[in-house]
Amino acid sequence: MSRRGARVSPAWVRRRLLAWYDTNARRFVWRRRRASPWLVLVSEFLLRKTGARKVDPIVRELIRLAPSPEALLRVPSRRIGSLIHPLGLQNMRARALRQIAGTLVAEHGGRVPRDAEALAALPHVGRYMVNSVLTVGFGEPRPIVDANVMRLLHRVHGVREVVEIHRADNLWDLAGRHLPKGDVESAKRLNWALVDFGALVCTARAPRCPICPLRERCPAARGRRTVSGRRSSVPTQLPLSMRKNDPKHRSGGGR
DNA sequence: AAAGCGGGGGA
DNA sequence: TCCCCAGCTTT
């Protein structure tokens, strides 16, 4: 048993994850350098509750059909719906996309605003999407916290610490402390690394601890090691208090 | 803070 | 079947 108080530093996690990402990155349209804020916004919206592998080809088609918010408004909803049908939720999503595009046209000249508050005011856009669009679409690094990132932080930093951090409303700050400073591309890669890692290695069920580059310092993996051969499990369920993102954006602090 | 939404897919 | 998902909105 290692010392209780020993904490895994964000810097160490960052190094390991970036190294892991070098050879395990997934490639998607919205990760290309020339991806426009509109493409990023549309992608993030479709990615909600939906596997990235499926979203990728559909985003390509959708963007070809609707390369801008104005263009999207000219496409019949039914057409949008049938295009995104393979992703599910097609009616709700077609409607929501139209609302988003309509707001962009009506209030922002048909362009995606480079502003956190303006983005957050868009319908169906919350903190995760705001930060992702700013980071990827505009090159302004912000932390992202989704179910994957929450789970990873929860495991690698330990339940108690994350709960305390959450109670202090600092979960986003903790994610932010993993971001490399001064280099936008590295920040993007780290955010993507967190998400890919959560999707491919630190999965909700049956996490792949044996191949995990964080296992030597991960309390959850340590608890899972067995002497007797009985598999104890890595916690899959997040504490109730962590199941949802904080709806409110805390100003100040940050860094 | 908690429920509702909304449906697909993996284990 | 059950449980989770690259969340957000509403109560």
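Colleague: How are residues and chains labelled, and which residues count?
Modeller: Residues are numbered from 1 along each chain as its sequence is written, while chains are lettered from A and ligands numbered from 1 in the order in which they are written. Side-chain values use heavy atoms, without hydrogens and water, and in this predicted model totals for chains, interfaces and linings use all residues, whereas side-chain atom pairs count only at pLDDT 80 or more and local features need pLDDT of at least 70.

Colleague: How many helices and strands are there in chain A?
Modeller: Helices (H or I, at least four residues) and strands (E, at least two) are taken as DSSP runs, numbered from the N terminus. Counted in this way, chain A has 0 strands and 13 helices.

Colleague: What share of the residues in chain A is buried?
Modeller: Buried means under 20% relative accessible area, exposed over 50%, and partly exposed in between, with a 1.4 Å probe and protein chains only. Of the 255 residues in chain A, the buried share is 51%.

Colleague: Is H178 buried or exposed?
Modeller: H178 sits in the loop between α11 (171-177) and α12 (184-200). Leaving out residues up to four places away in sequence, H178 touches P10, V13, R14, L153, H157 and L190, where contact means heavy atoms within 4.5 Å. Because its relative accessibility is 1%, H178 counts as buried.

Colleague: Which residue forms a salt bridge with R189?
Modeller: A salt bridge is a side-chain nitrogen of Lys or Arg within 4 Å of a carboxyl oxygen of Asp or Glu, and a search of the whole structure finds 8 of them. For R189, the closest N and O atoms of the pair are 2.4 Å apart, and the partner is D22.

Colleague: Is D196, which forms a salt bridge with R26, buried or exposed?
Modeller: The closest N and O atoms of R26 and D196 are 2.9 Å apart. This pair links distant parts of the chain, with R26 in the loop between α1 and α2 and D196 in helix α12, 170 residues apart. Because its relative accessibility is 0%, D196 counts as buried.
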